Amino acid sequence: MKQSLRHTCGAAATAALLLAGCSQSMSPGHGMAAPAASTSATPAAALRTGLNALFAEHVVLAGAATGAALGSREAEFKAAAGALDANSVAIAQAIGSVYGKDAEAAFLPLWRKHIGFVGDYTVGAASSDPARQDNAVSELVVYAQDFGAFLASANPNLPKSVVADLVKHHVVTLKEVVDAQAAKDHGRAYTALRVASAHMAMIADPLAGAIARQFPDRFPGSTAGPSAGLRAALNVAMGEHVYLAAAATGAALGGREAEFKAAAGALDANSVAIAQAIGSVYGKDAEAAFLPLWRKHIGFVGDYTVGAASSDPARQDNAVSELVVYAQDFGAFLASANPNLPKSVVADLVKHHVVTLKTVIDAQAAKDPTRTYAAVRSAAGHMQQIADPLAEAIVKQFPDRYRG
């Protein structure tokens, strides 16, 4: 199990940098048109958004892998570890798209290395072996310096000591997740998981800014403006929604009541955060109207999950029908707030969100963890199709508030 965790956790960081490569291939000078006028749609803003989403995913998948390992759910652990490594491989490829194949080849084993140490720490927690845990922490502290040196050698805008401190903080926040999981304190574990995921912006944002400064022709635009921040924040929040929803439905279908309640609580905290983001743009009345509307579709997802658990296709079909109607209501709500968001377009995107989340639940109910984790990564990735247009529409509606 330790070796699998070692291989898996590495995959996450690699995925983050892959976005940098995608942005590079779409930037001027690489055969593509110049970026759109909106500052939320520039290659620099896309770079920041992608790095944030991928690093946040790294934490969530690492937490899923360690949670399954400590819960002795071997099949789920292997699937989560595989998804985590897929995320890492993607990040390494992104690094390679910016700095070349040699950098990609050097980055992947280095990133996987810290996942191996997290695996050692988890094994120590599972076996009540504090010496092993202490050794893993010591190795991770040394690793932070090595990782800082690696990035500093590639980019003069990334001081080794700064990167090392940020990576060390990442290790500390992930350690908090594992400690809570080992203590079977699910509420604390999900709170720590959200904190650890949010902290990754402190790595993703400076990394995006440093790459954009190093290659301004490849990544025109600003990574630091309000519009880029809006796009990144909406993408991360929407992606977190999917992962927490899947954690809640997975725990419910697995009969893990305490974990289900904790995951559902974290999911609702995410809902409140999304509503507050809407309120920061449109005011408290809009926030107050948005929250119950958003919670409504989560309730229908819950109904579908209960139907899956009780083998009640009629209940599942009714939940799907309710969700289809809900998509129209949600589309109407956003269209009434922003003329740049056509009701039919929003409704179709929300309907697709429902379909991708349904695929996750069906895989969970079938006890197919490999298909589950592939589906949840796909469902989380789809949320960009909602978050990006929403950010773009808000920037167009309030150009003075969301400058580059």
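This is a chat about a predicted model of a protein chain.

User: Hey, what kind of model is this, and how are residues numbered?
Analyst: The model is predicted, so local features need pLDDT of at least 70 and side-chain atom pairs count only at pLDDT 80 or more, while totals for chains, interfaces and linings use all residues. Residues are numbered from 1 along each chain as its sequence is written, and side-chain values use heavy atoms, with hydrogens and water left out.

User: How many helices and strands are there?
Analyst: The chain has 15 helices and 0 strands. Both are DSSP runs numbered from the N terminus: helices are H or I with at least four residues, strands are E with at least two.

User: And how much of the chain is buried?
Analyst: Of its 404 residues, 52% count as buried. Buried means under 20% relative accessible area, exposed means over 50%, and partly exposed is in between (1.4 Å probe, protein chains only).

User: What share of the contacts comes from residues 24 or more positions apart?
Analyst: Such residues account for 76% of the contacts with a separation of 6 or more. A contact means heavy atoms within 4.5 Å.

User: What is Val242 in contact with, leaving aside its neighbours within four places in sequence?
Analyst: With those set aside, Val242 touches His353, Leu357, Val376, Ala379, Ala380 and Met383.

User: Switching to helix H7. What span should it have?
Analyst: H7 covers residues 186–199, and at 1.5 Å a residue its 14 residues should span 20 Å. The expected span is 1.5 Å times one less than the number of residues. The end C-alpha atoms are 20 Å apart, which agrees.

User: Which residues of H7 are buried, and what covers them?
Analyst: The buried ones are Ala189, Tyr190, Ala192, Leu193, Ala196, Ser197 and His199. Their cover includes helices H2 (43–70), H6 (160–182), H8 (201–214), H9 (226–253) and H10 (257–282).

User: How many aromatic pairs are there?
Analyst: The structure holds 13. Rings of Phe, Tyr and Trp (its six-membered ring) pair if their centres lie within 6.5 Å; planes under 30 degrees apart count as stacked, over 60 as edge-to-face and the rest as tilted.

User: Why does the Phe107 and Trp111 pair count as stacked?
Analyst: Their ring centres are 5.9 Å apart and the planes are at 10°, so the pair is stacked. Both residues lie in helix H4 (residues 101–126), 4 residues apart, about one turn of the helix.

User: Are those two buried or exposed?
Analyst: Phe107 and Trp111 are both buried. They also belong to one aromatic cluster with Phe55, Tyr143, Phe147 and Phe150.

User: What does the side chain of His114 reach?
Analyst: It reaches the backbone oxygen of Trp111 at 2.7 Å. His114 is found in helix H4 too, and it is buried, with a relative accessible area of 1%.

User: Which rings have a charged end sitting over them?
Analyst: Among them are Phe215, with the charged end of Arg218 4.2 Å from the ring centre, and Phe398, with the charged end of Arg401 4.9 Å from the ring centre. The rule is NZ of Lys or CZ of Arg within 6 Å of the ring centre and within 35 degrees of the ring normal.

User: Okay, salt bridges. How many?
Analyst: There are 16. Each is a side-chain nitrogen of Lys or Arg within 4 Å of a carboxyl oxygen of Asp or Glu.

User: Can you walk me through a couple?
Analyst: Asp120 and Arg132 meet in one (3.9 Å, N to O). Asp120 lies in helix H4 and Arg132 in helix H5 (residues 130–154), so the pair ties together parts that are 12 residues apart in sequence. Asp120 counts as buried at 11% relative accessibility, whereas Arg132 is partly exposed at 30%.
Analyst: Glu287 and Lys284 meet in another (3.4 Å, N to O). These two are 3 residues apart in helix H11 (residues 284–309), about one helical turn. Glu287 counts as buried at 15% relative accessibility, but Lys284 counts as exposed at 64%.

Key. A polar contact is a pair of N or O atoms within 3.5 Å; within protein, one must be able to donate a hydrogen and the other to accept it, and residues adjacent in sequence count only if both atoms are side-chain atoms.
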